[in-house]
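Colleague: Before I rely on any label in this model, I would like to hear what stands behind it. Could we take the terms one at a time, with the value set against the rule in each case?

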Amino acid sequence: MLDQVYGGNSVQDWGISILIIICALLINKLISILNRKIIRKITAKSSLRLDDIFFRTLEKPVLSGIMLLAIWIALGRLDLGTKGDDIIRKSYDILVVLNITWFFARLATALIEEAFANRNSREGRFKVDTRLLPLVKRGVLIFVWFTGIIAALHNIGITLTALLGTLGIGGIAFALAAQDTIKNMFGGVTIFTDNTFHIGDTIKFDSTEGTVVDIGLRSTRVCTYDQRLVTIPNYKLTDAVITNISSEPARRIVMELGLTYDTTPEKMREAMTILKDMPNRIPGVRDKDVAVVFTDFADSALVITYTYFIRKSANINDTRSDVNFKILHSFTQAGLNFAFPSRTVYFDSGKLTVES
């Protein structure tokens, strides 16, 4: 039975190859337990952080490497034909390089995170803006993976020059498309260096207004007030007028209040006094820069323009509502009447005259 041949190999040969892979899985499990139970506890007692980072980032690539080696041995002892052996060899020329690249990508990411954490935990002036962390990580990962992929393709005889040459018109299109990518990358760097806005800020760009949730190498994502996620290319943000709403020290509110024409000058001054005293009545209103001006004799009203500022720490909508309620309550108590559009009708000797 063991001598029966399937796919050019006996059952015994297939069984041994499968057993090799199973043994590799068991070895991987043993290494994971050893790393978690013993090695990490030993490195945790060390004053150096580099050994912790190294063993943490090395574990998964090592486990992957063991499996690649086991599959290589298992397939190598089988008769798969010249074409099959050639496919396996070329595949492994790529996979081994990509596995090594994966390790360096993990190591680079961990080292960058550690470097940012160390610089910001120290006392002093030289702190690193943590908003740069996602940008730096993505930039390094792109570089590492690009280098690894080029090296893997070179192993099987494909160079970057030859690849672009074979693409022909496609290579030209690729180069043209890369222009926008490069513009977006420089746009992302500009956003960080100019401190235009931060993650968590509320901004207004053209007709889009919302909270910045992510700043990437290619684009910035903004969550609008209706909970829609808008993705904006970075180069557009660098060329446009951006209003950073979160950076304002206070929110300016301008109101026009119309009182009826039967309001006496004394009552107008009383209304203006009530409005000027609003910061003492509503905690969210800033106690400076309040402006109350008798601005106009309108068609149906005596107009008072009231300008006040809401503190940055206060809730804008709640404060505006509190101010409006307080104005309505105070004006009602003082006998001040709000005006509304009206018409006066005159009867003179049977003639009807209407004035708006």
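Modeller: Helices here are DSSP runs of H or I with at least four residues, strands are runs of E with at least two, and both are numbered from the N terminus. With that rule, Asp289 is placed in the loop between helix H9 (278-281) and strand S9 (291-297). Please keep in mind that this is a predicted model. Over the protein chain, the count comes to 10 helices and 12 strands.

Colleague: What makes the backbone of Asp289 worth a remark?

Modeller: Its phi is near 70°, a positive value in a residue other than glycine. Most residues other than glycine have a negative phi. Gln227, in the loop between strand S5 (219-224) and strand S6 (229-233), also has a positive phi, of about 65°, although it is not a glycine.

Colleague: Why is Gln227 called exposed, and why is Asp289 called partly exposed?

Modeller: Exposed means over 50% relative accessible area, and partly exposed lies between that value and the 20% limit for buried. Gln227 has a relative accessible area of 63%, so it counts as exposed. Asp289 is at 44%, so it falls in the range between and counts as partly exposed.

Colleague: Why is Glu59 called buried, although it is a charged residue?

Modeller: The label rests on accessible area, with buried meaning under 20%. Glu59, which is found in helix H2 (residues 50-76), has a relative accessibility of 15%, so it counts as buried.

Colleague: What makes the pairing of Glu59 with Asn35 a polar contact?

Modeller: The rule asks for a pair of N or O atoms within 3.5 Å, one able to donate a hydrogen and the other to accept it. The side chains of Glu59 and Asn35 make such a contact at 2.8 Å. Setting aside neighbours within four places in sequence, Glu59 is in contact with Ser32, Asn35 and Arg40.

Colleague: What makes Asn244 buried, and which side chain does it pair with in a polar contact?

Modeller: Asn244, in strand S7 (residues 242-244), has 16% relative accessibility, and because this is under 20% it counts as buried. A polar contact of 3.3 Å joins its side chain to that of Asp201. Not counting residues up to four places away in sequence, Asn244 touches Thr196, Phe197, Asp201, Thr202 and Ile203.

Colleague: What makes a group of residues a nonpolar core, and which residues have the most contacts inside the largest one?

Modeller: The members must be buried residues from a nonpolar set, joined through side-chain atoms within 4.5 Å. The largest such core has 24 residues, and those with the most contacts inside it are Leu275, Ile304, Tyr306, Tyr308, Val323, Ile327 and Phe331. The elements giving two or more residues to this core are S8, helix H8 (265-276), S10 and H10. A second, separate core of 10 residues includes Phe197, Ile203, Val212 and Ile215.

Colleague: Which residues does Tyr306 touch?

Modeller: Beyond its neighbours within four places in sequence, Tyr306 is in contact with several residues, among them Ile253, Met255, Leu275, Val292, Val323 and Ile327.

Colleague: Why is Leu302 called buried, whereas Ile73 is called partly exposed?

Modeller: Leu302, found in strand S10, has a relative accessible area of 5%, which is under 20%, so it is buried. Ile73, which lies in helix H2, is at 42%, between 20% and 50%, and therefore counts as partly exposed. The C-alpha atoms of Leu302 and Met268, 34 residues apart along the chain, are separated by 8.7 Å. For Ile73 and Ile20, 53 residues apart along the chain, the C-alpha separation is 7.9 Å.

Colleague: How do you know what lines the largest pocket, and what is its make-up by class?

Modeller: A lining residue must have an atom within 4 Å of a pocket point. The lining has 15 residues, of which Tyr225, Ile245, Glu248, Arg251 and Ile316 lie nearest the centre. By class there are six nonpolar, four polar and five charged residues. Strand S8 (250-259), strand S10 (302-311) and helix H10 (316-333) each supply at least two of the lining residues. The space in this pocket comes to about 350 Å³.

Conventions: Residues numbered from 1 in each chain as written. Predicted model: local features only at pLDDT ≥ 70, side-chain atom pairs only at ≥ 80, totals over all residues. Heavy atoms only, no water. 1 Å grid on protein atoms, 1.4 Å probe; cavity = no way out; pocket = protein on both sides within 12 Å on 5 of 7 lines; lining within 4 Å. Points joined across faces, edges and corners; volume = space filled by probe spheres on them. Nonpolar A, V, L, I, M, F, W, Y, C, P; charged D, E, K, R; others polar. Buried < 20%, exposed > 50% of the residue type's maximum accessible area, 1.4 Å probe, protein only. Contact = heavy atoms within 4.5 Å.
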